[in-house]
Amino acid sequence: MERGPAILVGLDFGTTFSGIAWALEGPVDELEVISAWPGGGNRTTVKVPSVISCDGQSTHWGYQVRPFVEAFRGIKLLLDEGQENKYTPSLASKALLRKYKTDAVQVMADYLKHLVEYAKSILQRRFGIPAQHMNLRFTLTVPAVWSDKAKDRTMNAAIKANIRPQDITLVSEPEAAALYALRSIQPNSIAKNDVFIVCDAGGGTVDLISYQIKTLEPLVLTEVTEGTGRICGSMLLDHRFEELLRDRMGVNYATLSSKSKEAALSYWQDRVKPNYTGKLDYDYANVDYFVPLPGVTDDPTIPIEDGFFQLSSDDVEHIFEPIVRDVEELIAEQVASITRLGFAIVLVGGFGSSEYLLRRLRKANPTVTVLQPPNAWSAVVSGAVYRGLEGNQVECRVARRHYGIEIATEYIPAIHNDEDKYWDPLDETYKVTQMRWYIQKSSIIREDDPIKMDFYRTTRVRDAKESLSYSTGLYICNDADAPKALNKSIMRLCTLDSDLSEIPEGLFQRKRNSQGVEYFKIPFKLVMTPTSASLLFELEFEGVSYGCIRSKY
């Protein structure tokens, strides 16, 4: 049977919720965001909880996971070990990983597997094509603020979920959001050369990138300044709500059953947090909320009455304040780095759907247009589909760090330290090891202009067959100025393994030193392509590509 039509699928794996969208390849006449989920009953929502549980016999995910059961939650934050993580469900999942002797990549893979299988079942019902004959290509979103290692772990999870590597593209979440937002806001509100800041405020991370519109038809964007972000998403509001409840109840908090805690948190997440508009809305400025705490004894000092914890509007404002202030600070940093006058802020994501956050940002930026596109919660997953359909539309990006390699260079007494030199017995020269930085922090990088890193390998002719595998480290540095030699500010990002045996031996440069030793000197290049959310590598010799190189993080 022939393969069916090409279908582009967007996958947004979030800290608290995940989403799927799809469209047929070709003109974007119809993009569909999945809004019905297993275990969700009649609920219609564009996201499904990023939760998965296993009782040893069967696995449940999303809305199938009942409250109060042991399950992996907030697993996304465990993929980037470098980020500070205070999210309670995420920390609980860390303990579960140890208990079940697994890791975050495998748990994400298990969850993605269910997400993809469900998407296939939806498409099978729609087109009548068996899953094995579907021609699917996936665009998977990742936070821009994440490390390259965390993005690579996301790719590995997708591969473990049985998605072929050649069918996966990674895109940063704010870039995907930008592609959606520019199609959803009014056409007369944007023009060529306009600058806008995308603030993707989700459950876990808040990512900001500023773009300038180079052309509208076709859409071409350029990054204006270095992107920023941190973990200050809406999940921290949940954490602060739990802290407030713990502080009010004191020692009695420890006696709360898990069901009471879950009931209170669910009410907060479903009824209070998404609907809070703050004291800027005079009609609701002093509204109190009554949060259910089943089975808890009344205590007017807390106050708890008839099984309900009374939460004042001042309490809610206290919960929101530091998190919203973090978002305001991130936006202020971006605004300060934009030299052009006249720009807009585009607010997307789950937390970005908040009316209160929108009002606060408008108040903090009175001279700036702050836009909140329709369906802001599904902006990222919809934008992922646009990225899959139309390819890369960001002409150039701004590097967030330095990238480079260690190289061996000829020792020059007037320049180098004597204690750093070493003897190369084949070339018969003294050499030193230094850093060569191929990407400079804050420099412009382009997907259509790969970086070619020069290498050479020397090996005895008699040993050539056994020594044509070559490993090198790729290093990063976050300092403003990268040092010339390896030091504590430089971190090893990954290892690149090159196999030179694919190159015909007759093309190698053959040499003989003064000792009569014959050796090959093999100059080659590792070509690095910086994409939206990943680094791609290939081996090149004399202008000919000898295949992709997998990086090991």
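Biologist: The side chains of Arg550 and Asp152: in what kind of contact do they meet?

Modeller: Side chains of opposite charge can pair when their charged atoms come close. The term used here is salt bridge, defined as a side-chain nitrogen of Lys or Arg within 4 Å of a carboxyl oxygen of Asp or Glu. Arg550 and Asp152 make such a salt bridge, with 3.3 Å from N to O. A word on the basis: this is a predicted model, in which local features need pLDDT of at least 70 and side-chain atom pairs count only at pLDDT 80 or more, while totals for chains, interfaces and linings use all residues. Residues are numbered from 1 along each chain as its sequence is written, and side-chain values use heavy atoms, with hydrogens and water left out.

Biologist: Into which domains is the protein chain divided?

Modeller: Domain bounds come from an automatic or database domain assignment. Here they give domain 1 (6-171) and domain 2 (401-552). The contact, meaning heavy atoms within 4.5 Å, takes 10 residues from domain 1 and 9 residues from domain 2. The centres of the two domains, taken over C-alpha atoms, are separated by 37 Å.

Biologist: How do I read the area buried between domain 1 and domain 2?

Modeller: Buried area is the accessible area (1.4 Å probe) that two parts lose on being put together, summed over both. For domain 1 and domain 2 that is about 690 Å², and carbon and sulfur atoms give 43% of it. On the domain 1 side, Asp148, Asp152 and Leu170 lose the most area to domain 2, together 56% of what that side buries.

Biologist: How many salt bridges and how many polar pairs does the rule find across this interface?

Modeller: A polar contact is a pair of N or O atoms within 3.5 Å; within protein, one must be able to donate a hydrogen and the other to accept it, and residues adjacent in sequence count only if both atoms are side-chain atoms. Across the interface of domain 1 and domain 2 there are 4 residue pairs in polar contact, both residues at pLDDT 80 or more, and 2 salt bridges.

Biologist: Which elements supply the side of domain 1 that touches domain 2?

Modeller: Helices (H or I, at least four residues) and strands (E, at least two) are DSSP runs, numbered from the N terminus. On that side, α3 and β9 (168-172) each supply at least two residues. The largest share, 7 residues, comes from α3. By type, the residues of this side divide into 5 nonpolar, 1 polar and 4 charged. In that scheme Ala, Val, Leu, Ile, Met, Phe, Trp, Tyr, Cys and Pro are nonpolar, Asp, Glu, Lys and Arg are charged, and the others, Gly among them, are polar.

Biologist: Which residues are linked with Arg397 in a network of salt bridges?

Modeller: The network links Glu175, Arg387, Arg397 and Glu447. Within it, Arg397 forms a salt bridge with Glu175, the closest N and O atoms being 3.0 Å apart. Arg397 lies in strand β19 (residues 394-398) and Glu175 in helix α4 (residues 173-184), so this pair ties together parts that are 222 residues apart in sequence. Both Arg397 and Glu175 are buried.

Biologist: And where is the place of Glu447?

Modeller: Glu447 sits in the loop between β23 (444-445) and β24 (451-460). A polar contact of 3.1 Å joins the side chains of Glu447 and Arg397. Not counting residues up to four places away in sequence, Glu447 also touches others, including Arg387, Asn392 and Thr529.

Biologist: What about the salt bridge of Asp448 and Arg446?

Modeller: Their side chains meet at 3.0 Å, N to O. Asp448 has a relative accessible area of 55% and is therefore exposed, while Arg446, at 29%, is partly exposed. Another pair is Arg164 and Asp167, whose closest N and O atoms are 2.8 Å apart. There Arg164 is partly exposed at 42%, and Asp167 is buried at 13%. By this rule the count comes to 39 salt bridges.

Definitions and conventions: Buried means under 20% relative accessible area, exposed over 50%, partly exposed in between (1.4 Å probe, protein chains only).
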